[in-house]
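User: I want to learn how to read aromatic pairs in a structure. Can you take me through a case?

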Amino acid sequence: MLSIVRAGLSRVRELFRRRSDVAAEQNEEFAFHVEMETAENIRRGLSEVEARRAALLRFGGTQRFREETGDARGIVAFDNLVRDTRFAFRRLKRAPAFAAGVIATLGIGIGAAAGIGTIVYGVLLRDLPYPNPDQLVRVGFHTDGIPAAGDLNSNATYFHFAKSARSFSALGAYSTSDQHYVTGGDAPERVTIGMMTPNVFTLLGVRPILGHLFAPGDTSWYGDSYKPLLISEDFWRRRYGADPSIIGRRIETDLTVRYVAGVLPRSFAFPVPSVDIYYPAVVPIRGPQIRSRYLNVIGRLRDGVSPSTAQAELTTLIPSLTERFPAISHDMLQRSQARASVESLKSATVAPVRDQVVLLGILVAVVLLIATTNVVNLFLLRAERASQEVAIALSLGASRLALAQRFMIEGIVVGLASTIVAFPVAALALSTKFGFTEKEIPRLHEVSFTWETVAFVLACAVLIGAAVGLIALSRSRMVGVFDRLRVSHSTSTGGWRRAQDGLVALQVAIALVLLVAAGLLGRSFWNLRNADIGFQPGNAMMFQVSLPWGEDGYVPYGRSAAFHAKLVDRLAALPGVTSVGVALRLPLASRDAPHLEMQLQVEGGGRPEVAAAGNVASAGYFRTMGIPLLAGRSFRAGDLRGAPAVVLSEHLAMSLFGTTDVLGRRILGTRVAGAPSSAFTIVGVVGDVQWARIEDGDVPMVYFPLLRDADGLPLDYRAVPYDPMDVQYAIRGSQLPTARTIQSIVKELDPRVPAADVRTLGSLVDDATARVRLTMLLIAIAGAAALLLGVIGVYSVISYAANGRMREFAVRLALGAAPTRIGGMVLGDGLKLIAIGIITGLVAAFGATRFLRALLYEVKPTSLVEFGAATALLLTITLIATLLPARRAARTSPAVVLRGDS
């Protein structure tokens with residue numbers, strides 16, 4: 001084994017020595033062997049002249065000796081490689097248009113595929129960036145009778161699982177909110193806050209770059225207030241200039257004043273990269289409930305425990321919730337059909353977008369296949385011209401192995417040259433990430449241009465280049481040497497003609513699949529843009545306001561209502577503003593649907609409880625948003641007295657009463673399980689609106705009043721079950737104020753309060769349709785490229801085949817055939833090819849478009865309209881490409897062709 005390694009190293013060293021030194025050494029070695037052989041021959045009785053002649057005959061001369069010893073050292077193979085590489089460059093230089101087209105096509109295809117492939121790998125396949133990621137799971141709690149978003153847990157279920165389950169080494173809980181801000185410094189800044197139980201950081205294995213993590217005593221089950229917080233590295237650098245003395249500094253937020261305990265590294269972007277500040281989470285168990293679910297729960301499995309085993313254990317623990325929390329009844333658990341789930345954290349993270357990412361992965365193959373197919377066809381057509389060159393080389397004694405190496409190296413040179421285009425395309429794709437953000441694709445922040453991307457590009461370039469070169473060689477060798485030398489023109493053999501036809505049919509099929517997909521997504525996008533979203537986004541804008549908590553904050557309802565009343569008056573007085581509205585949340589302003597945390601019941605009973613989402617709205621909110629008032633009125637002064645007024649959405653009114661004729665009726669409602677219900681009087685019914693995503697539909701909503709007459713109510717007034725601290729404003733008018741104007745007005749009322757996220761309501765609709773729009777554009781671009789390449793392929797193959805049959809056409813015309821018959825023959829060949837591609841494409845499209853189901857809105861993935869339109873478009877364009885060579889064939893001059901052939 002050691003001798004083999006030494007021999008290999010010796011060969012490598014020989015490759016890097018100067019050729020003059022090697023030649024001199026070979027000459028000396030040759031002379032030595034000749035002298036030794038001559039001396040031996042003289043001892044055998046030969047004369048000196050005869051002895052030397054016999055020695056020279058044995059070794060075959062200096063050149064032969066050099067070749068044999070060069071082969072032993074690997075020098076000849078290396079020289080041949082260099083020679084063939086130079087030959088490839090010369091051939092490409094003689095055909096600059098061909099070289100540029102192939103390099104650009106292959107480079108764009110490989111670069112785009114590398115960019116998309118890196119995203120797919122980073123999101124779906126790469127392990128989570130935490131120690132032992134396979135042990136990390138997400139724990140969910142699900143109910144049928146009491147809806148809630150996703151697989152969130154309530155305080156009771158999290159506490160119960162954390163205390164009782166033995167399948168986990170730790171369970172942690174967290175939630176996030178982007179409706180907070182930091183004061184101090186030059187100006188208040190809006191931030192995203194993550195509420196984390198301290199063990200989240202330890203079970204994820206994160207270490208701070210400064211300071212320390214939370215201690216177990218920094219939070220409790222009972223809601224005690226503690227002072228430390230953690231900040232992200234990005235926030236530390238952005239707001240505090242990476243000040244190393246940040247540890248211990250007091251930071252004031254709208255929640256409390258706390259000190260910085262540690263700075264977390266940029267690599268820790270959990271649960272989303274936008275989190276700036278981490279608070280130790282408080283999970284109170286007073287008022288335990290399963291209705292209000294707001295906690296994300298993750299855990300680390302013990303060694304040897306599988307997710308299914310852990311899920312089975314949690315399932316057995318659910319009935320014992322009633323023993324730990326008597327306020328949760330057996331009847332409640334049975335009616336809600338409560339159940340637990342345990343899923344890999346990686347799978348749970350990407351589950352909402354798995355279909356879309358798989359679709360991107362399919363685009364990788366499609367883009368690469370389109371580019372490769374086109375390059376193969378170009379090489380095949382070019383190989384016809386190289387056939388005589390190959391025949392001459394074979395007739396002069398060239399080995400087929402040497403020719404294979406020459407063609408393969410030419411393909412590899414083209415492939416490697418394409419990386420000049422591929423690397424910038426891949427880098428651009430990964431820098432823009434095709435317009436996607438972390439909101440659309442989780443883990444996208446982990447994706448970047450890495451060595452894996454480089455390896456993918458180089459591997460594709462070498463493998464595709466080598467394969468294309470060998471295919472071209474095989475094409476040029478199909479006709480015998482004698483035939484190639486005898487005739488100056490070439491004709492395609494049947495097998496290779498069918499192969500070229502197959503490649504073109506494949507391009508047509510791919511183009512059809514992508515055109516159908518683009519059509520379906522285009523119609524879905526149109527439906528989304530024109531859907532009845534329940535409000536009017538035109539001529540309106542929005543912004544967010546978060547009021548400070550604490551002793552000098554706005555916690556009592558009366559204080560916050562008074563602030564909002566003053567701000568509404570100031571904004572309404574601006575020129576061109578016609579109305580101003582305030583609510584806890586605006587429709588489509590968040591990607592998460594509101595929690596159905598209100599439990600409502602008709603006063604007097606007789607009908608079951610109904611779960612609904614709650615909102616707080618000012619008197620002018622419905623008019624400003626353009627939400628239609630179906631019955632009754634909006635809020636007005638006095639609606640907070642007695643049984644406070646509420647406005648119901650149409651969906652909720654129908655769920656509670658079975659009708660919208662509900663004015664003056666009373667309902668009972670509460671947010672907290674086991675707490676006494678409050679009575680509310682219905683004063684209006686408004687239209688339903690879409691809240692999170694248009695395709696998800698509306699949410700049953702009850703609106704509570706936000707009114708200025710709260711000034712006359714007691715400070716402990718709690719009839720409205722929401723504090724309007726974090727709210728969103730809507731402004732409508734013919735002339736909308738600028739962001740600077742809004743921010744200056746808010747700052748005049750309270751310098752601590754920022755006005756954030758200033759934008760138009762139309763942008764909410766844009767965001768809600770962004771995923772479908774972007775996917776549609778990606779597929780449409782790929783479809784257009786496939787259509788263009790398919791048309792070029794159809795034209796090239798049909799035209800080339802027609803040129804090869806010119807003599808046949810000339811003979812037919814000379815014997816009296818009609819020109820239209822000749823054109824029809826060519827057209828028929830083209831139609832057969834197109835028909836095969838369309839039939840194959842339709843079959844593939846019926847299967848492939850099912851992956852789009854999650855992206856489609858009010859359109860079936862097998863819609864005949866889109867299938868028919870895409871087929872008609874493709875057929876029309878490819879027919880035009882076929883008619884051109886058919887028309888040229890019909891105009892063939894028999895005299896000119898036959899005279900030139902003689």
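Analyst: We will go through the aromatic pairs of this predicted model.

User: What describes a pair of aromatic rings?

Analyst: Two quantities do: the distance of the centres and the angle of the planes. In this model, the count comes to 19 aromatic pairs. Take Y174 and F270. Their ring centres are 5.0 Å apart, with 70 degrees between the planes. An angle over 60 degrees counts as edge-to-face, and the pair of Y174 and F270 is edge-to-face.

User: Which parts does the pair of Y174 and F270 tie together?

Analyst: Y174 sits in strand β2, residues 168–182. F270 is in the loop between β7 (257–264) and β8 (275–280). The pair therefore links parts that are 96 residues apart in sequence.

User: Is Y174 buried or exposed? And F270, buried or exposed?

Analyst: The cut-off for buried is under 20% relative accessible area. Y174 has 7% relative accessibility, so Y174 is buried. F270 has 6%, so F270 is buried too.

User: Now a second case. How do F201 and Y278 pair?

Analyst: Edge-to-face again: 5.7 Å centre to centre, 80 degrees between the planes. F201 belongs to helix α8 (residues 199–203) and Y278 to strand β8, so this pair joins parts 77 residues apart in sequence. F201 is buried at 0% relative accessible area. Y278 is buried at 1%.

User: Which residues form one aromatic cluster?

Analyst: Y130, Y174, F201, F214, F268, F270 and Y278. Both pairs we read, Y174 with F270 and F201 with Y278, have their residues in that cluster.

Technical notes: Residues are numbered from 1 along each chain as its sequence is written. This is a predicted model: local features need pLDDT of at least 70, side-chain atom pairs count only at pLDDT 80 or more; totals for chains, interfaces and linings use all residues. Side-chain values use heavy atoms; hydrogens and water are left out. Rings of Phe, Tyr and Trp (its six-membered ring) pair if their centres lie within 6.5 Å; planes under 30 degrees apart count as stacked, over 60 as edge-to-face and the rest as tilted. Helices (H or I, at least four residues) and strands (E, at least two) are DSSP runs, numbered from the N terminus. Buried means under 20% relative accessible area, exposed over 50%, partly exposed in between (1.4 Å probe, protein chains only).
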